[in-house]
Structures are given as C-alpha cells and as structure tokens.
Amino acid sequence: MRQHSRFVVYDGTATADFNSPVYETIGCRGVLLFLDVDSVSASDTLDIKLQAGFPGDALGGSENFFDIPGAAFAQATAAGQKMLVLYPGITESANVKVSTVLPSRWRVVFDLTEVGGGALSIVFRLWAEVLW
C-alpha cells in the first residue's frame with residue numbers, strides 16, 4: 001500500500017518573490033501539487049517551479065538549487081485551480097505531468113511579476129501530497 005503525506009506549502013497573500021522551505025522527502029517517488037488562486041491584482045502574473053537541492057554542507061559550502069526540468073505550473077494570471085504531478089513513468093503533459101523522480105531535497109520557487117503598474121498582490125494557496 002502506498003503512503004501519502006499532505007501539507008500546505010503556502011496559504012496567503014504574496015506581494016514579492018519568495019521560496020518555500022526546503023522539504024526532505026527521502027525515499028519519496030513523486031508529488032502532487034494543487035494550486036488554488038483566489039485573486040490576481042491587475043494583470044500581474046505568478047510563476048511556480050520546483051527545484052532540486054544539492055547539499056553543499058557535505059562539500060563545505062552552501063546548498064545549491066537547480067530547476068527540475070519541466071516541473072513548473074502554467075503561468076497564473078487569474079483566479080483558478082491547477083494541478084502539477086511529478087512521478088516516474090507517467091505520460092508527460094506540459095505544465096501538468098512530469099515523468100521524473102522527486103529528489104530527496106526540494107523546494108518551490110514563487111516568482112511574482114507586476115504588469116501595468118499598481119500594487120502587486122496575489123492571493124493563493126499551494127498544497128503538496130508526496131507519494132512513496
């Protein structure tokens with residue numbers, strides 16, 4: 001039987017770029033990410049991607065992060081819901097399904113862009129469900 005672990009990655013109003021905490025999911029094969037955007041001010045945009053972490057501590061340096069190829073939501077420009085799946089062996093579909101193993105250390109990068117002036121403000125939540 002597969003085990004699942006669900007948690008909230010972010011829930012609130014964002015006004016600038018930020019990164020999630022680093023998640024350690026050793027032995028995890030994949031992840032389901034659920035995005036629920038409540039509101040986007042003006043014509044602002046939200047881009048969300050996943051990065052793999054390589055712990056530099058073992059090498060005497062700081063942790064480095066690299067984009068996981070294809071592991072990004074389609075750009076959010078309005079209220080709505082989306083899902084992104086990373087799991088080995090699934091049939092790929094751009095910005096929806098990525099055939100890859102989730103690394104043992106990873107984070108989510110949130111990139112907000114203000115378009116057309118005004119205050120940047122995007123209300124959304126992102127949940128994750130990891131699959132072993």
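Is Trp-106 buried or exposed? Select Trp-106 to begin: at 0% relative accessibility it counts as buried, a class that means under 20% relative accessible area, with exposed over 50% and partly exposed in between (1.4 Å probe, protein chains only). The model is predicted, so that local features need pLDDT of at least 70 and side-chain atom pairs count only at pLDDT 80 or more, while totals for chains, interfaces and linings use all residues. Residues are numbered from 1 along each chain as its sequence is written, and side-chain values use heavy atoms, with hydrogens and water left out.

Next, turn to the aromatic pairs, of which a search of the whole structure finds eight; rings of Phe, Tyr and Trp (its six-membered ring) pair if their centres lie within 6.5 Å, and planes under 30 degrees apart count as stacked, over 60 as edge-to-face and the rest as tilted. Select Tyr-10 with Phe-18, a tilted pair at 4.8 Å centre to centre and 45° between the planes. Tyr-10 is buried at 17% relative accessible area, whereas Phe-18 is partly exposed at 22%.

Tyr-23 lies in strand 3 (residues 23-24) and Trp-106 in strand 9 (residues 105-113), so the pair ties together parts 83 residues apart in sequence; strands here are DSSP runs (E, at least two residues), numbered from the N terminus. Tyr-23 is buried too, with a relative accessible area of 14%.

Finally, select Tyr-10, Phe-18, Phe-110 and Phe-124, which ring pairs link into a cluster.

How values were computed
Helices (H or I, at least four residues) and strands (E, at least two) are DSSP runs, numbered from the N terminus.
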